[in-house]
Amino acid sequence: MFALNGGDPSAAGRPGEPGEIIYFAPDSLDWEGLGAGHSAWLSSMLFGGLREFYGSLRWDGWRSEVSALTGQQGLAFFPPLWSAEARQDLPATSRRAVPMAQLLGLSRDSCLQFHGTDPGFLGLP
């Protein structure tokens, strides 16, 4: 999930500066500042940055699995992306399409359980 920081990111428990794009990383369950505003981030994503950004989260055949998703779906991984097992062997994980709201809600619940912090609006209607 990408988000645009508001006027006081630290008050919301988020990294970065106002107007900066941040990313909730499913492999760390943390918000990460990307060091760019919306225009720079969008330009980067459209002109090759997406490949580099998601490079460590791709496996042989990822393109066909992802292209089958609708705009309201994401992939659920087991073991989860934040686990040591998934980090060691991403291609060996099992994956299935689930509603994005469910996937984000699970990430939010996991963040609350493991970090004791609420990442914010993830999974909320």
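Nine aromatic pairs are counted in this predicted model, where rings of Phe, Tyr and Trp (its six-membered ring) pair if their centres lie within 6.5 Å, with planes under 30 degrees apart taken as stacked, over 60 as edge-to-face and the rest as tilted. One of them joins phenylalanine 2 and tryptophan 41, whose ring centres are 4.9 Å apart and whose planes stand at 50°, so the pair is tilted. This pair links distant parts of the chain, since phenylalanine 2 belongs to strand β1 and tryptophan 41 to helix α1 (residues 38–53), 39 residues apart. Helices (H or I, at least four residues) and strands (E, at least two) are DSSP runs, numbered from the N terminus.

Phenylalanine 2 counts as partly exposed at 28% relative accessibility, whereas tryptophan 41 is buried, with a relative accessible area of 15%; here buried means under 20% relative accessible area, exposed over 50%, and partly exposed in between (1.4 Å probe, protein chains only). Tyrosine 23 and phenylalanine 53 form an edge-to-face pair, 4.8 Å centre to centre with 80° between the planes. Because tyrosine 23 lies in strand β2 and phenylalanine 53 in helix α1, the pair ties together parts that are 30 residues apart in sequence. Tyrosine 23 is buried, with a relative accessible area of 5%, while phenylalanine 53 is partly exposed at 26% relative accessibility. Phe2, Tyr23, Trp41, Phe53 and Tyr54 form one aromatic cluster.

Residues are numbered from 1 along each chain as its sequence is written. As the model is predicted, local features need pLDDT of at least 70 and side-chain atom pairs count only at pLDDT 80 or more, whereas totals for chains, interfaces and linings use all residues, and side-chain values use heavy atoms, with hydrogens and water left out.

Strand β2 (residues 20–25), which carries tyrosine 23, is mostly covered, six of its six residues being buried. In a regular strand the side chains alternate between the two faces of the sheet. In β2, Glu20, Ile22 and Phe24 point one way and Ile21, Tyr23 and Ala25 the other way, and all are buried. Strand β1 (residues 2–4) pairs with β2 in the antiparallel sense over three bridges, two strands being paired if DSSP finds at least two bridges between them, and leucine 4 has isoleucine 21 of β2 as its bridge partner. β2 also pairs in the antiparallel sense with strand β3 (residues 30–37), over five bridges, and isoleucine 22 stands opposite glycine 33 in β3. β2 and β3 form a hairpin with four residues between them, and leucine 29 in the turn has a positive phi of about 60°.

A search of the whole structure finds two salt bridges, each defined as a side-chain nitrogen of Lys or Arg within 4 Å of a carboxyl oxygen of Asp or Glu. The two pairs are set out below.

| Salt bridge | N to O distance |
|---|---|
| arginine 95 and glutamate 65 | 2.8 Å |
| aspartate 118 and arginine 108 | 2.7 Å |

In the salt bridge between arginine 95 and glutamate 65, the partners come from distant parts of the chain, with arginine 95 in strand β5 (residues 94–99) and glutamate 65 in helix α2 (residues 62–67), 30 residues apart. Arginine 95 is partly exposed at 22% relative accessibility, and glutamate 65 is partly exposed at 25% relative accessibility. In the salt bridge between aspartate 118 and arginine 108, aspartate 118 lies in the segment after α4 (100–115) and arginine 108 in helix α4, so the pair ties together parts that are 10 residues apart in sequence. Aspartate 118 counts as partly exposed at 40% relative accessibility, whereas arginine 108 is buried, with a relative accessible area of 18%.

The largest pocket has a volume of about 1,000 Å³. Of the 33 residues that line this pocket, Pro26, Leu75, Phe77, Leu81 and Leu103 are the closest to its centre. On a 1 Å grid over the protein atoms alone, a pocket is an open set of points where a 1.4 Å probe fits, with protein on both sides within 12 Å along at least five of seven lines, and lining residues have an atom within 4 Å of a point; the grid points are joined across faces, edges and corners, and the volume is the space filled by probe spheres set on them. The elements that give two or more residues to the lining of the largest pocket are β2, α2, β4 (73–78), β5 and α4, and α4 gives the most, with seven residues. The lining of the largest pocket divides into 24 nonpolar, six polar and three charged residues, with Ala, Val, Leu, Ile, Met, Phe, Trp, Tyr, Cys and Pro counted as nonpolar, Asp, Glu, Lys and Arg as charged, and the others, Gly among them, as polar.
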